[in-house]
Amino acid sequence: MNKLTVVGIGPGNYENMTVRADEALKNCQVIVGYNVYVDLVKERYADKEFVTTPMTQETKRCQMALELAANGKTVAVVCSGDSGIYGMAALLYELRGDATAPEIEIIPGITAACSGAALLGAPLTHDFAVISLSDRLTDWTVIEKRLVSAAMADFSIVLYNPVSKGRPEHLRRACDILLRYLPEKRICGIAQHIGRDGENAKILSLMELKDAEADMFCTVFIGNSKTECIGSNMITPRGYRDV
């Protein structure tokens with residue numbers, strides 16, 4: 001039976017790629033993906049055939065991958081971070097429908113919530129929520145409800161896709177919403193270019209976050225009521241010391 005693997009490649013560098021992901025890319029014939037993500041792996045797997053599409057062509061990309069696999073190719077669809085967290089895994093299942101071929105295997109990867117948290121310290125040791133600020137596929141009214149609910153529940157919050165050229169004010173808007181429920185001094189962090197050239201992280205307050213420079217290569221962390229700075233690290237304790 002023909003097979004298609006959906007591979008989470010992690011933040012971008014080989015050191016943060018899983019062994020299973022590496023093996024899948026070594027053993028496939030064709031690597032399919034968003035051109036930015038394919039560029040991250042192209043040099044290491046240079047003997048492969050590469051098929052890319054730009055942003056907003058996810059359906060076309062997945063349809064091509066399914067067709068290649070149906071025609072006998074061993075195909076890997078690469079996703080930044082994890083293949084099932086804002087990745088292509090669900091879309092490929094949707095497009096294949098009730099069919100059983102080609103076989104689909106999901107290979108997880110390190111999502112930005114994990115790799116970014118590691119740069120900042122340990123901000124996600126307790127319950128947390130992950131919310132994308134991109135309203136390309138989700139109405140802003142839904143995003144706002146999720147921000148409010150996470151703030152009221154005292155979750156630590158991770159924000160994906162905080163800013164883009166087409167929506168430069170989304171992070172500011174999100175901070176304005178959160179500031180209705182959270183204190184201005186709530187500890188926050190930004191991890192940028194995780195696992196790539198220019199990797200950096202900084203800790204700041206929620207009020208400072210509102211005016212911070214960010215882009216699509218940033219992942220934003222907002223602490224809960226117990227989050228603190230220990231040295232230069234952002235820490236959210238779970239309470240082990242109190243047991």
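**A quick tour: pocket, helix, rings**

Start at the second largest pocket, which has a volume of about 170 Å³. A pocket here is an open set of 1 Å grid points where a 1.4 Å probe fits, with protein on both sides within 12 Å along at least five of seven lines. You're looking at a predicted model, with local features needing pLDDT of at least 70 and side-chain atom pairs counting only at pLDDT 80 or more. Residues are numbered from 1 along each chain as its sequence is written.

Select the lining (residues with an atom within 4 Å of a point): Thr125, Glu228, Ile230, Ile235, Pro237, Arg238, Gly239, Tyr240, Arg241 and Asp242.

Next, pick helix 4, residues 89–96 (helices are DSSP runs of H or I, at least four residues; strands are runs of E, at least two). Ala89, Leu91, Leu92 and Arg96 are buried, meaning under 20% relative accessible area, with exposed being over 50% and partly exposed in between (1.4 Å probe). Down the helix 4 axis, those buried residues fall within an arc of 165°, so they line one face. Turned away from that side are the exposed Ala90 and Glu94.

Now for the rings. The whole structure has two aromatic pairs (centres within 6.5 Å; planes under 30 degrees apart are stacked, over 60 edge-to-face, the rest tilted). Tyr34 and Tyr37 sit edge-to-face, 5.0 Å centre to centre with 90° between the planes. Tyr34 is buried at 14%, while Tyr37 is partly exposed at 24%. Finish with Tyr86 and Tyr160: their centres are 5.1 Å apart and their planes at 45°, so this pair is tilted.

Notes. Heavy atoms only, no water. Points joined across faces, edges and corners; volume = space filled by probe spheres on them. Arc of directions from axis to C-beta. Phe/Tyr/Trp six-rings, centres within 6.5 Å; stacked < 30°, edge-to-face > 60°.
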